[in-house]
Amino acid sequence: MTEPTMESQPYKVGFIIPPAWFDISPTEFLRVAPGATIAMQTTMRPPDFDYSPEQVRAAVPELLLCAQSLAAAGADVTAQFGYPFSLVHGWERAQAVQQQIEDSAGMPFVMMGVTMVHALQHVGCSSVAVASTYYSHRMETVLTSYLNEAGLNVASCANWQSQGIAKESDSGIFVGEGELDPMGWETPVWAVEKAVRMVAHSTPQSDCILVTGGGMRLLHLAEALEVETGKTIIAGDLALYWGILRRLGCRQDVKGHGRLLASLP
């Protein structure tokens, strides 16, 4: 992207990160942001956070406090990382939450789960196949309901359990152990690629693949997977960065990271 001159005011982007999660998004975002962009993060504080829909739904006041803190630090845009913080509210309520926090903080506010839907709409997705990776069957139900409420046609939805990548368990929220544990953060590339390939093969009629799970890093995988599968790839990191850039007013396409970031205008 075209870099601002050294005399220009740099963009300042704040990230809100879920509790007990070390997120690389602020530094990863700088790879696709205009030069001289500054990124910082604040971590949500609720103790003993278990990511249950009930706890996620109750976290709105904490999100607001984090957004207000980043606004006071001078952020131009703040982004909330993590799908569930949108999904648990349903599509209509999630948009209202995003607007409430934006109005209260007095700056643009981007929620991952909301901008994901906007990204799917932007690329003209008529049928989406979902690789829900480490989401449990319970969270898949929440996700599918959310997408349907947003008017999207979910052709299929498969997690690591149903794909045979992770063992079946009775986990209520996330699945996967060892290197597939989402709290370990760096999910192996092979698991991401295998999940995408399997859902593409099982649902050839879909024109888009949605990869959920914030720990799934698609920034440097999307373009090659799109060539291989012939389908547009939308993922949390791609959608969040796309949404931030649009709210910053950036309109120059970002090449090399898939169709979404290459279609900013």
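My entries below go from ground rules to backbone, core, rings and charges.

**Ground rules**

I am working with a predicted model, where local features need pLDDT of at least 70 and side-chain atom pairs count only at pLDDT 80 or more, while totals for chains, interfaces and linings use all residues. Residues are numbered from 1 along each chain as its sequence is written, and side-chain values use heavy atoms, with hydrogens and water left out.

My helices (H or I, at least four residues) and strands (E, at least two) are DSSP runs, numbered from the N terminus. For accessibility I call a residue buried under 20% relative accessible area, exposed over 50% and partly exposed in between, with a 1.4 Å probe and protein chains only.

**Entry 1: backbone**

I started with phi, since most residues other than glycine have a negative one. Ala36 is not a glycine, yet I found its phi positive, at about 75 degrees. I placed Ala36 in the loop between helix 1 (25-29) and strand 2 (38-43). Is Ala36 buried or exposed, or partly exposed? Its relative accessible area is 41%, so I noted Ala36 as partly exposed.

Thr133 also has a positive phi without being a glycine, here about 45 degrees. I located Thr133 in strand 5 (residues 128-133), and its relative accessibility of 1% makes it buried.

How many of the residues of helix 6 are buried? I got 8 of 11 for this helix (residues 112-122), so it is mostly covered. Among the buried ones are Met112, Val114, Met116 and Leu120.

I then listed contacts (heavy atoms within 4.5 Å), leaving out residues up to four places away in sequence. Leu120 touches Cys125, Val128, Leu147, Leu152, Cys208, Leu210 and Ile234. Thr78 touches Gly14, Ile16, Leu70, Met107, Pro108, Phe109 and Val110.

**Entry 2: aromatic rings**

I paired rings of Phe, Tyr and Trp (its six-membered ring) if their centres lie within 6.5 Å, with planes under 30 degrees apart as stacked, over 60 as edge-to-face and the rest as tilted. The whole structure holds 7 aromatic pairs. One of them is Phe29 with Tyr241, tilted because the planes meet at 50 degrees, with the centres 5.6 Å apart. Phe29 belongs to helix 1 and Tyr241 to helix 10, so this pair ties together parts 212 residues apart in sequence. I found both Phe29 and Tyr241 buried.

Phe49 and Tyr51 make an edge-to-face pair, 5.0 Å centre to centre with 80 degrees between the planes; both are buried. I also noted one aromatic cluster formed by Phe15, Phe29 and Tyr241.

**Entry 3: salt bridges**

My criterion was a side-chain nitrogen of Lys or Arg within 4 Å of a carboxyl oxygen of Asp or Glu. The search of the whole structure gave 9 salt bridges.

Asp23 and Arg217 form one, with the closest N and O atoms 4.0 Å apart. Asp23 is in the loop between strand 1 (12-17) and helix 1, and Arg217 in the loop between strand 7 (208-211) and helix 9 (222-229), 194 residues apart. Both Asp23 and Arg217 are buried. With Glu28, they are linked in a network of salt bridges.

Arg45 and Glu62 meet at 3.0 Å, N to O. Arg45 lies in the loop between strand 2 and helix 2 (53-57) and Glu62 in helix 3 (residues 60-72), so the bridge ties together parts 17 residues apart in sequence. I noted Arg45 as exposed at 59%, but Glu62 as buried at 10%.
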